[in-house]
Amino acid sequence: MSKTISFHLQKGGIGKTTISGTLACQSALEGHTTLLIDVDPQGNASSWFCKSELKWELADVLQGFCFFTDAIVEITKVPNLFLLPTFGIGGSLKKYAETKIADEPYVLQDLVHELVTSFDRIILDLSPGLGKLERSALIASDEIITPMTPEVFSLDGLEIFIDELEKIRKNLRSSVRHEKIIINSFDGRIRQHKEIYEAAMSGSFEVFKIPVDPAFRKSQERNIAPQLFKYRGRGLKPNTLRAIEKINDKIWR
Ligand SMILES: Nc1ncnc2c1ncn2[C@@H]1O[C@H](COP(=O)(O)OP(=O)(O)O)[C@@H](O)[C@H]1O
Ligand SMILES: [Mg+2]
């Protein structure tokens, strides 16, 4: 059965795009037909994986200007990986989110329902915040997994997110699951990181860690999957790769 996941917390710069893109690659590299949908008007996931100019984007599909088959592109360097892009520059998702989505909160859910017949696994990369666009993406998902960086304010951010998600579930009649946390950019040598990890573990969430690893940023600069990135013989650290494999093993069940 197909499954759709969003990696979300309302904060920016915590690794939502990095984790969405990396796990989409991992799933695809392990042989599953995987679609990454760029639901961020800044289009970071799209510029990471696609350098060429494209004709259609997500906002065009949502407005019925083209079919999803027109807009989805194959990421040739990663077998089984597909992207439904958003153009950061010159794109129209921001305008669509500001003007139209209020009347159509289920538009992404309807699209995902159509897509699950073609893709085993779907990942949505969201913009920071909890506006109408993010809400419509969250309720289009089967599961939301929260990435957070090991900082004091992150736990507050998680509390706020849990409260807001409860309201979204009620108002939009959604039963989306929220049971897992990923502590991103973790460094076990830093006491505060360990304390935040332990605080997260003491709650009811299943908690994963992704180490701090500069190869993520470098792979984004070179428009390549982190797993395939190598520079002077070096790519992702072995413990980063193990963490990604472990998370990928657990989240699609
Ligand atoms: N585990 C990590 N180790 C090192 N750098 C990371 C890690 N995760 C993300 N980054 C970097 O942090 C920055 C912000 O990440 P990004 O995924 O764009 O966050 P968001 O989508 O939440 O705004 C990027 O430059 C990215 O390469
Ligand atoms: Mg992002």
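Tutor: Happy to. Let's start with helix α11 (residues 238–251), which lies across β1, β5, β6, β7 and β8 and runs at about 150 degrees to β8. Please keep in mind that this is a predicted model.

Another helix, α6 (residues 107–115), lies across β1 (3–7), β2 (34–39), β4 (81–84) and β5 (121–126). Its direction makes an angle of about 165 degrees with β2.

Now for the sheet under these helices. It is open and built from 8 strands in the order β3-β4-β2-β5-β1-β6-β7-β8, with mixed pairing. At the edges stand β3 (73–74) and β8 (206–211); each has a single partner strand, so one side of each lacks a neighbour in the sheet.

In the strand order, β6 sits between β1 and β7. With β1 the pairing is parallel, over 3 bridges, and S6 has I144 of β6 as its bridge partner.

How are the side chains of β6 arranged? In a regular strand, side chains alternate between the two faces of the sheet. In β6, E143, I145 and P147 point one way, while I144, T146 and M148 point the other way. All of these residues are buried, and β6 is mostly covered, with 6 of its 6 residues buried.

Helix α7 (residues 132–139) packs with helix α8 (residues 152–171) at an angle of about 75 degrees, their axes being 11 Å apart. The two are therefore roughly perpendicular to each other. On the α7 side, the meeting residues are R135, L138 and I139; on the α8 side they are F161, E164 and I168. By type, this contact has 4 nonpolar residues, 2 charged ones and no polar ones.

Stepping back to the protein chain as a whole, there are 11 helices and 8 strands. The radius of gyration is 17 Å, close to the 18 Å that the globule rule gives for 253 residues, so the chain is as compact as a globular protein of that length. Of the 253 residues, 54% count as buried. Among contacts between residues at least 6 apart in sequence, 76% join residues at least 24 apart.

Conventions. Residues numbered from 1 in each chain as written. Chains lettered and ligands numbered in written order. Predicted model: local features only at pLDDT ≥ 70, side-chain atom pairs only at ≥ 80, totals over all residues. Heavy atoms only, no water. Axes fitted to C-alpha atoms, helices over the stretch in contact; angles between N-to-C directions. Helix = DSSP H or I, 4+ residues; strand = E, 2+ residues; numbered from the N terminus. Parallel < 35°, antiparallel > 145°, perpendicular 65-115°, else oblique. Contact = heavy atoms within 4.5 Å. Nonpolar A, V, L, I, M, F, W, Y, C, P; charged D, E, K, R; others polar. Pairing = 2+ DSSP bridges. Rg over C-alpha atoms; globule rule 2.2 N^0.38 Å. Buried < 20%, exposed > 50% of the residue type's maximum accessible area, 1.4 Å probe, protein only.
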